[in-house]
Amino acid sequence: MLPTDHIARANHHFQYDFGNLYCFDHYVIGIINDQINFGTTEAKIILNDLNKYFTSKQFVYIANRAFSHNIDLSVYKLVNPKKLVGIAIVSLHENEIERAVEEQQLYSGSFGLFKNVESAIAWANTFQKVEG
């Protein structure tokens, strides 16, 4: 689960029937609900909202896989790696890690596997451009 201090610090929250997104300056933390079949319909909704939210900014998607759900791997065809520059998968579950290895092959941007949200956020912070 996402620690409540992360939720409180989110700049924006998108709530869907299938899960939640918590947006920050240059990354988003997504939690898909338990036993959801996540396909292209859900991916299009999320990507549309995130593209509007981040406008011209690049961002990293942190998938906090706290719950088990099915993913249609064709969703990766919808992702623009020039906009969504990194994907982090957070899980302690072996089956999620195995699936993430499959997903990594479908995404041409940066991809990381992490055991906790804090490590994934630290990784996401490395993509932040220095202003000034």
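How many aromatic pairs does the structure hold? The structure holds 11 of them, where rings of Phe, Tyr and Trp (its six-membered ring) pair if their centres lie within 6.5 Å, with planes under 30 degrees apart counted as stacked, over 60 as edge-to-face and the rest as tilted. This is a predicted model, in which local features need pLDDT of at least 70 and side-chain atom pairs count only at pLDDT 80 or more, while totals for chains, interfaces and linings use all residues. Residues are numbered from 1 along each chain as its sequence is written, and side-chain values use heavy atoms, leaving out hydrogens and water.

**View 1. The ring pair of Y76 and Y107.** The ring centres of Y76 and Y107 are 6.4 Å apart and their planes stand at 55 degrees, so this pair is tilted. Because Y76 lies in the loop between β6 (70-71) and β7 (84-90) and Y107 in the loop between α3 (94-104) and β8 (110-114), the pair ties together parts that are 31 residues apart in sequence; helices (H or I, at least four residues) and strands (E, at least two) are DSSP runs, numbered from the N terminus. Y76 has a relative accessible area of 9% and is buried, a word that means under 20%, and Y107 is buried at 6%.

**View 2. The ring pair of F114 and W123.** F114 and W123 form a tilted aromatic pair, with 5.5 Å from centre to centre and 50 degrees between the planes. F114 counts as buried, at 17% relative accessibility.

**View 3. A cluster of rings.** Ring pairs link F14, Y16, F18, F38, Y53, F54 and F59 into a cluster.

Methods
Buried means under 20% relative accessible area, exposed over 50%, partly exposed in between (1.4 Å probe, protein chains only).
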